[in-house]
Amino acid sequence: MLFNTQGILDTVTPPNAFLSAKFKRSFAYVTVKDRLPVIITQVVDHLARDKDKIIKEYGEDAREEVKTVIGRLSELKNELQTNKPLIELKSRKRDAYQWNTFLEDQRKAGHQEPRWFGTVWLYAECYMYRRMWQIFELTQSLAQFDYFRKLKRNSLMFSLDGCVTVCDRLVIELNRQKVPLSEVKEMFGRILKVCAILPTSLVLDWIANGGEIEVKILAGCTEGGFPLYIHANAVSSGPTSDPLDLAPHNQDYLLVDQSELIWDTLTGTPNTNHLLDFVLDNAGFELFADLCLADFLCTFGLVSKIRFHAKTMPWFVSDAMLGDVKWTVNTLGEVGSYSQSVPELASRWQGYIKSGVWELLASDFWTLPYVFSAMEKKDPNLYDLLRESSLVLFKGDLNYRKLTGETNWPPTHSFHTALKGFHPTNVAILRTLKADTVCGLGPGQAEMAEEKDTDWNLTGTITLPPTVTNVAGTITLPPIVTNVAGTITLPPTVTNVAGTITLPPIVTNVAGTITLPPIVTMSGHTL
């Protein structure tokens, strides 16, 4: 096939430039060239291999439509690999107008047709997943078919042993009476680390294994001096060690641990507002861990209500949709023969959902190509909804890229500045590094990380704990393991904050930035 090299540059991504596959020596180029075509191929293989099962579930009409879908997916793959211009969506869904408007804006801004390798990496990647979904939604029988469903469900079932281990311990903690605040805080740090580090390090090698899954989960190993909470090759089972006990033992491998800042954010919230918005990332074990964290926060009164935000379509292979959340809770409630503690927790979660303490939401905005700084203008209703919350907790690398504008910032660039005005309320993000975008690091941190691993920000072995942005000012935070968020100087008028803070993970507040990992070390400030 003929590859159109128009606009391709044999160079690395320049500082402050948008990430793009047009830079041949970038991770974006490798992803668009190698990974995206393979994802399409694996969906085609899944359709061919499981055709009879799909027909049985979706009806005889699906027989011919499976063939049609396979053909159109092959055409899409060819467009990508030959670097064709991006085209308008033909979808009948309500988001198609915004997608086509975005494409037209890109044409005007670049004075040419955007191509797969020439446009912003975030746009090209999101566009591929949206084009894939369009192929299915334009059919009669397969319009609701989630072609990543098998992967997501297997990823949970293969790690069921790990779920049992966590549940056995967590049920005991949640049923305790009159727990001293100091003990609640200590357990909060453990659960946050499991949620922030373990799940984001879970690797689903679906692509490399022909659609079969190799699940690598926490075992407390380290490689190259960085925390690596994986390696159990759990094709048939998950981790057997208790993650809640293992988490503190990896403390020495964190560059900065400031989880206490998240604790202070939650416990310092006025009694009138204990609402948390939780923007989900992956299904499977990661979603399970997220629900464990949510239960802990509700049980001990750190929040009174949680709104979970899921995707509206199959997205980035493993992202959680509303159906994945419901299936996870219901499925874990039916494993009584396997465990008593897992169904007990699942029953609690079903109660939260029925009572409205947990609310499951989905918005088209999460699957649009816009960065989050555009939310206030493009989806003011969602932005206003987040304003009601005392904290918005984001999960995952993609959300980090959207928060920071898909830009190759210098590592020491202020996270607060990178947000470009996205300050609906306090914002936190838990992220494992799997893309070039990194900001908010202290001087020399990136260089030190690169000395140990030249691909430190791409392999997913380094986790950024939660980062916080505060209502007024800017906070400088050193990442828990590399990758956090900017510098914030908080004015004295800001309650409970004074001075400069250095932290990893990210919590963004109305007018500043704070980054916090699962356990905090503060310097030069008082909370």
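Analyst: Buried stands for under 20% relative accessible area, exposed for over 50%, and partly exposed for what lies in between (1.4 Å probe, protein chains only).

A word on the source first. This is a predicted model, in which local features need pLDDT of at least 70 and side-chain atom pairs count only at pLDDT 80 or more, while totals for chains, interfaces and linings use all residues. Residues are numbered from 1 along each chain as its sequence is written, and side-chain values use heavy atoms, with hydrogens and water left out.

Now the pair itself. Lys395 forms a salt bridge with Glu286, and their closest N and O atoms are 3.1 Å apart. Lys395 belongs to strand E8 (residues 391-395) and Glu286 to helix H12 (residues 285-299), so the bridge ties together parts 109 residues apart in sequence. Two terms need their cut-offs. A salt bridge is a side-chain nitrogen of Lys or Arg within 4 Å of a carboxyl oxygen of Asp or Glu. Helices (H or I, at least four residues) and strands (E, at least two) are DSSP runs, numbered from the N terminus. In general, side chains of opposite charge can pair when their charged atoms come close.

Stay with H12, the helix that holds Glu286. H12 packs against helix H14 (residues 341-355) at an angle of about 70 degrees, with the axes 11 Å apart. That makes H12 roughly perpendicular to H14. The axes are lines fitted to C-alpha atoms, for helices over the stretch in contact, and angles run from 0 to 180 degrees between N-to-C directions. Angles under 35 degrees count as roughly parallel, over 145 as roughly antiparallel, 65 to 115 as roughly perpendicular, and the rest as oblique.

Which residues make this contact? From H12 come Phe288, Leu291, Cys292, Asp295, Cys298 and Thr299. From H14 come Leu345, Arg348, Trp349 and Tyr352. Contact here means heavy atoms within 4.5 Å. The residues of the H12 and H14 contact divide into seven nonpolar, one polar and two charged. In this count Ala, Val, Leu, Ile, Met, Phe, Trp, Tyr, Cys and Pro are nonpolar, Asp, Glu, Lys and Arg are charged, and the others, Gly among them, are polar.

Now look at other salt bridges. The count by this rule comes to 30. One of them joins Lys152 and Asp324, with the closest N and O atoms 2.8 Å apart. Lys152 sits in helix H6 (residues 149-157) and Asp324 in helix H13 (residues 322-332), 172 residues apart, and the pair links distant parts of the chain. Lys152 is buried at 2% relative accessibility. Asp324 is buried too, at 7%. Glu406 and Arg401 form another bridge, with the closest N and O atoms 2.8 Å apart. Both of these residues, Glu406 and Arg401, are buried. Glu88, Glu104, Arg107 and Glu113 are linked in a network of salt bridges.

Trp99 lies in helix H4 (residues 96-110). Its relative accessibility is 2%, so Trp99 counts as buried. Leaving aside neighbours within four places in sequence, Trp99 touches several residues, including Leu89, Tyr123, Trp315 and Pro369. Trp99 and Leu89 are ten residues apart in sequence and 7.2 Å apart in space, C-alpha to C-alpha.
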